[in-house]
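Please look over the sequence and the model below before reading on. The report then takes up a few places in turn.

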Amino acid sequence: MKKTMIATVVVTLISTAGFADGYSMAPDGSYVAGDNYSMAPDGSYVSGDSVSLAPDGSYVGGDTFTMAPDGSYVSGDSVTLAPDGSYVGGDNVELMPDGSYIGY
């Protein structure tokens with residue numbers, strides 16, 4: 001029985017390692033990385049305490065943004081390609097319950 005319990009703990013730790021510290025569901029049902037979000041002037045929600053206007057007119061969370069290879073802008077200093085072909089800000093990607101991806 002001890003081997004089973006140890007194996008269960010190891011599997012649990014491995015399966016949760018490398019995931020975002022948390023995510024939040026905004027009032028519109030979208031998911032954002034982290035524990036807080038802000039509403040942009042267009043009514044969308046972005047991750048973080050501040051909103052930035054990108055050169056293409058979109059809003060991103062935070063004070064910095066980066067242009068992705070497809071011309072879209074993401075929050076942060078790095079861009080990662082998600083499995084669905086979208087780009088997210090950050091070095092890591094996490095699948096949300098609604099099938100979307102967030103970066104962190």
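The sections below cover the basis of the model, one serine, the aromatic pairs and one aspartate.

## Basis of the model

This is a predicted model, in which local features need pLDDT of at least 70 and side-chain atom pairs count only at pLDDT 80 or more, while totals for chains, interfaces and linings use all residues. Residues are numbered from 1 along each chain as its sequence is written, and side-chain values use heavy atoms, with hydrogens and water left out.

## Serine 24

Serine 24 belongs to strand β1, which covers residues 23–25; strands here are DSSP runs of E with at least two residues, numbered from the N terminus. With 11% relative accessibility, serine 24 counts as buried, a word that means under 20% relative accessible area, whereas exposed means over 50% and partly exposed lies in between, for a 1.4 Å probe and protein chains only.

Leaving aside residues up to four places away in sequence, serine 24 touches Ser30, Tyr31, Val32, Gly34, Asp35, Asn36 and Tyr37, where contact means heavy atoms within 4.5 Å. One of these residues, aspartate 35, has its backbone oxygen 3.4 Å from a polar atom of the serine 24 side chain.

## Aromatic pairs

Three aromatic pairs are present in the structure. Rings of Phe, Tyr and Trp (its six-membered ring) pair if their centres lie within 6.5 Å, and planes under 30 degrees apart count as stacked, over 60 as edge-to-face and the rest as tilted. Tyrosine 23 and tyrosine 31 have ring centres 5.6 Å apart and planes at 70 degrees, so this pair is edge-to-face. Tyrosine 23 is partly exposed at 37% relative accessibility, whereas tyrosine 31 is buried at 16%.

Tyrosine 37 and tyrosine 45 also make an edge-to-face aromatic pair, with 5.6 Å from centre to centre and 85 degrees between the planes. Of its two members, tyrosine 37 is partly exposed, with a relative accessible area of 33%, and tyrosine 45 is buried, with a value of 19%.

## Aspartate 91

Aspartate 91 sits in the loop between β10 (87–89) and β11 (93–95), and at 59% relative accessibility it counts as exposed. Apart from residues up to four places away in sequence, aspartate 91 touches Ser78, Thr80 and Tyr104.

Aspartate 91 and serine 78 are 13 residues apart in sequence, and their C-alpha atoms are 6.4 Å apart in space. Their side chains are joined by a polar contact of 3.0 Å, a term for a pair of N or O atoms within 3.5 Å in which, within protein, one must be able to donate a hydrogen and the other to accept it, and residues adjacent in sequence count only if both atoms are side-chain atoms.

Notes. Helices (H or I, at least four residues) and strands (E, at least two) are DSSP runs, numbered from the N terminus.
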